[in-house]
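Here is a short briefing to read alongside the model. Have the viewer open and follow the topics one by one.

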Amino acid sequence: MTTLPSLPTPKKLGLVIDLDICVGCHACVVNCKEWNTGGYGAALSDQHPYGADVSGTWLNRIHTFEVTPEGGEIVGEAGDARIVHFPKSCLHCEDAPCVTVCPTGASYKRAEDGIVLVDEEKCIGCGLCAWACPYGAREMDLAAGVMKKCTLCIDRIYNETFEEVDRVPACVRTCPASARHFGDFADPNSAVSIMVAERGGMDLMPEQGTKPVNKYLPPRPRKPLSESAGMLPLAENTADAKGFFAWLDGMLDRI
Amino acid sequence: MSTEPRLALSEPIADEVRKTTCYMCACRCGINVHLKDGKIRYIEGNRDHPVNRGVLCAKGSAGIMQHYAPARLRAPLLRTGPRGSGEFREISWDEALETATGWLGEVRARDPRKLAFFTGRDQSQSLTGFWAQQFGTPNYAAHGGFCSVNMAAAGIMTIGGAFWEFGAPDWDRTKLFVMFGVAEDHDSNPIKIGISKLKQRGARFVSVNPVRTGYSAVADSWVGIRPGTDALLVLAIVHELLKARKIDIDYLIRYSNAPWLVIDAPDTADHGLFARDEDGKPLVFETVTERVVAAGATGARPALSGSHRLPDGRRACPSFHLLVEKYLDPKYAPEAVAEETGLSAATIRGLAAEIARTAFDEAIEIDQPWTDIYGERHQSFVGRPVSFHAMRGIAAHSNGFQTTRALHLLQVLIGSIDCPGGFRFEPPYPKPLDAHPTPHGRAEHFGSNKPLSGPHLGFPRGPEDLLIDDDGKPSRIDKAFSWDAPIAAHGMMHMVIANAHAGDPYPIDVLFMYMANMAWNSSMNTAGTMKMLTDKDEATGEYRIPKIIYSDAYDSEMVAYADLILPDTTYLERYDCISLLDRPISEPDAVQDAIRWPVIEPDRDVRGFQTVMLDLGARLALPGFADAHGVPLYKDYADYIVRHERRPGIGPLAGFRGSEGDRAGRGAPNPDQLKRYIENGSFFSAHIPLEAQFFKHANQAYQDFAVKMGFFDTPKPVIFQLYSEPLQKFRLAGEGLREPAAPESHRERIMAAFDPLPDWYRPFGEAAADEGEFPYHAISQRPMAMYHSWGSMNAWLRQIHTKNPLYVPGKICDAHGLVSGDWVWLTSRHSRIKVQIQRTDAVNDGTMWTWNAVGKRRGAWALDKNAPEGTKGFLLNHLIHELLPPKKDGMRWSNSDPVTGQAAWYDLMVRIEKADTGGEAEPNFPAISRPADLPEPPDELRYGQEWAS
């Protein structure tokens, strides 16, 4: 068993993901793979990459759900069903069960910033952490035999060879819709904390008691077009073009 | 607590960063390519680049796998087995180029039209078009005919510009954004950046699309319209706005042809044309002096209604009068179109109300004085912050030209074109119709060993500009600019193989194609196309299409069907220019172009296609490619980009011109130009002065700027053409009133489709399908992580879309007893396919859909023969014929828009039945073999393992 930091970490680094504007384009997914396959730890391998049964290791995936709200907000014009794109990676939980279950100390939560990492030197590939994670956020790399997971791009965020603006996770930097934001949730004045407060940011599966650091912003409220139908003012004499031309003459006199 | 390991967190990630331009789709973003140990370590978006501003999509981020794909070809190939077998031997470039030169040179001397040269999704049409013109064949076009020519042609003919490459929504200011079906690889990052911007500032985003995925998933309102009925929705909105008097009269008078007088003289050759003075200037009726004067006369207050007497005694009325009478007809009322569109009248009226409220009650103003082309000074730019965007969803129907015209008409009526918050032009647009050439390709335009007398593609102003012979027979192999498709401004690539196979209008000898997967996802009637490519002439034993030259970087399905393969480089190994002469990447506020350069050297015997074209041009001694002694004028494409001049001082690139590199637009060639681009991140951007940024069509400062930059030699303002005179000329020919008169066989169709005011008619494919027999629509959508057929060879992207189900609405599932995972037969009038389904309710309830171009021919693209792309993936293309069913007289029309010839992919109608057995998708073609023993793909990838820390 491995222990979590005994005190709350002074920083809680993580992501806030805006489900109101995620279009499910997979930019974050692929840019994450591209960055991390040459970055921290073993490469993210692909098995049968051109074969019938292709698979690979990814640290971030998007799940697409079709939901029909029951008694909830109906926003469709042609139907009620909607598509939600849901990106998912390690949530860097405060009470991370993947850490406490680790028999070798390979999984650990950094005392400084709360990032949950795997020390691949110590990882024996037993897979207990993946079983313990309620979010399915860890993936065993079949070629390396070690557990891979989101590092919040730890080799980017402190990287002084980068311009400061680029010291963010690859997924955040690349997201075309600006649906992903990186910051310190321990600081109530950070942009991510303010965003969460203003938009009602949510924990994923709070009942699991893992206290995830990452947060999700729910879709903004919407209203159907049909509600505006009565707003269009009715002009007089709308029945045919004659009334229109009479109005037009009046307009032309005013120009 | 265990001690945490010490991590090296501040290591440089690469040896070098090289900035170039992406080509993982048509978006053309700036990228930073990080190189380590001579390999690509990482590709990210270039923060300084105006197109993507640092972001990069899934495709762009997967560039490493595209570059190192095992599907890459490695040397020129000469076919050794029968066509379609995939049997080739590798040959030298010298042999390949000499073979091609022999074939092409013989044709050029004997009969240049026997070469059909068509290019696919390339971005070098300025060069390929020039090459084809110098070669002298009339048979050249790029892929616009099967892509989105309706969007371009309708836009240019109506407002002098079009969506995407010629304009964009004012993302920073618009308050209501309405998007009609788009392919998600067209302008993909700018649209995502833009949607995010407007959602974050509370602007409203309405998506009109039968399918609620991608952008529609995050839209504030999703309008799940029935395919092919968009014009009815738009014209119902026009009807409502007219009724509510929510139109911008001042804007219409200043910037459109609303006041122009239309001659009312039925049964004469001038009926419905604009009344003009002796200089050809259109006339208006001046209300103060009650006289007919030339449009644009200073101080004139033109009438917009009424019947007026012309100096010659004939009657005429302003075109706006006809417009109002047409669209106030109750047949355009929301209630009247509700059933056909599948939308409630309240939704349509609500959208009209939101447009009216936003345009007129939330108008914005930019405090910047400017002067219009009439010399009038304005104190500010007034904006109607409603913007629209549309692409293939409305374009790829046989009524798509008129639908697109309707959408532009709506924008002009509310005064939102090129205003703050509206749709804004991107330089070098706007450009009036008369600044575009007319097409060339009639018999008198070409001949043995000489160039075509003008550009292939353009816009006919009337039937007199058609490319037909004295009998009305098409001059071009694709029948573009014939009575079949008079305004086929981008050609009709989708008809080339079928027509060449049929010898109609004539057989050809050499088919030369680039980056167009015609033996698979780029053709309708895929099985039929493969047969046409392999059919032989019984008498001679020769292939019906005798010689096929094809250039591609990858082992696509088309490779197996060609005789000679010229292997291209990847986008990271080549020079390219993204040119203002071609498909521009400007922004509304800036003129922009860009280059690609070899950020990594090829590790195999491949050459950039454009360099190969220059080499072939020189070997053929084409003017412009070799001098009088046959000496090549250009060393390679890089040399051409720098030194070629289309007009004096105007070359492929606008930036860093002149001997000092300080000239923009016009200037002498600069030998250091490419170096300057590379230093600047591989792009060039010149800002438009603020007083020139809006109302460019009528803004004197912008017009002067355009002349200074070299877009035009004199100012070319645009008057928006709500009423289209060229269309009316075709109608007069359709009535036999104007020469050349349309043949009897085409008259009804021309009268129906060439209305000078935008209108809706039932798409032909739908009209031809018996509703009881084929009751449902079937359409495809582009996934955001794939670019047409390119994604599946990419080890990372194919894990996102390995196969494509058919998404079937719950209502149809229930009617046919279907559940997710079932296999079904999907049948059209032409063919049937067997596919696996998935239930969905996020779609128009009479429409099924699937992802485009995921399905692959087994054996192609270096995929395993049992890869899901081949066993479960499928194309709707098998169900779509390039011809419509025969009419009573046996005539079969092309399955295309009758105005532009745009391929009508989305007119498909189907029925669905549960299949008894599952297993694999059908049709199931035999696997094609890997050409010339290219190495087997690896069974495992650990890309970057050598850099593991």
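Leaving aside its neighbours within four places in sequence, which residues is Ala626(B) in contact with? They are Gly617(B), Ala618(B), Ala621(B), Val631(B), Pro632(B) and Leu633(B). Please keep in mind that this is a predicted model.

**Around Ala626(B)**

- You will find Ala626(B) in a loop of chain B, between helix 17 (609–619) and helix 18 (637–643).
- Ala626(B) counts as partly exposed because it has 19 C-beta neighbours inside 10 Å, and a residue needs 20 or more to be buried.
- For a sense of distance, Ala395(B) is 231 residues away from Ala626(B) in sequence, and their C-alpha atoms are 40 Å apart in space.

**Where chain A meets chain B**

- The contact between the chains involves 82 residues of chain A and 99 residues of chain B.
- On the chain A side, the elements that give two or more residues include helix 1 (27–37), strand 2 (46–47), strand 5 (82–89) and helix 7 (241–254).
- Helix 1 of chain A provides the largest share of that side, with 8 residues.
- Sorted by class, the side of chain A that touches chain B has 41 nonpolar, 26 polar and 15 charged residues.
- Strand pairing also links the chains: strand 2 of chain A and strand 35 (residues 940–941) of chain B are antiparallel, with 2 bridges.
- Within that pairing, Gln47(A) has Glu940(B) as its bridge partner.

**The nonpolar core**

- The largest nonpolar core has 383 residues, and among those with the most contacts inside it are Ala58(B), Leu233(B), Leu261(B) and Ala778(B).
- Helix 8 (residues 230–243) of chain B gives the most to this core, namely 10 residues.

- Strand 29 (residues 776–781) of chain B is largely enclosed by the rest of the structure, because 6 of its 6 residues are buried.
- Both of its faces are covered, with Tyr776(B), Ala778(B) and Ser780(B) buried on one side and His777(B), Ile779(B) and Gln781(B) buried on the other.
- In a regular strand, side chains alternate between the two faces of the sheet.
- Strand 33 (residues 847–851) of chain B runs parallel to strand 29 of chain B, and 5 bridges join them; here Ser780(B) stands opposite Thr850(B).
- Strand 34 (residues 909–914) of chain B pairs with strand 29 of chain B in the antiparallel sense over 2 bridges, and Tyr776(B) stands opposite Val910(B).

**A three-stranded sheet in chain B**

- This open sheet of 3 strands has the order 12-16-15, with antiparallel pairing.
- Strand 12 (261–264) and strand 15 (308–309) of chain B are the edge strands, each pairing on one side only.
- Strand 15 and strand 16 (residues 315–318) of chain B are joined in the antiparallel sense by 2 bridges, and Arg309(B) stands opposite Arg315(B) in strand 16 of chain B.
- Helix 10 (residues 319–327) of chain B packs on the sheet, where it touches strand 12 and strand 16 of chain B.
- The direction of helix 10 of chain B makes about 70 degrees with that of strand 16 of chain B.

Methods: Residues are numbered from 1 along each chain as its sequence is written. Chains are lettered from A and ligands numbered from 1 in the order in which they are written. This is a predicted model: local features need pLDDT of at least 70, side-chain atom pairs count only at pLDDT 80 or more; totals for chains, interfaces and linings use all residues. Helices (H or I, at least four residues) and strands (E, at least two) are DSSP runs, numbered from the N terminus. A residue is buried if 20 or more other C-beta atoms lie within 10 Å of its own, exposed if 12 or fewer, and partly exposed in between; C-beta atoms are placed from the backbone. Two residues are in contact if their C-beta atoms, placed from the backbone, lie within 7 Å. Ala, Val, Leu, Ile, Met, Phe, Trp, Tyr, Cys and Pro count as nonpolar, Asp, Glu, Lys and Arg as charged, and the others, Gly among them, as polar. Two strands pair if DSSP finds at least two bridges between them. A nonpolar core is a set of buried Ala, Val, Leu, Ile, Met, Phe, Trp, Tyr and Cys residues joined through C-beta atoms within 7 Å. Axes are lines fitted to C-alpha atoms, for helices over the stretch in contact, and angles run from 0 to 180 degrees between N-to-C directions.
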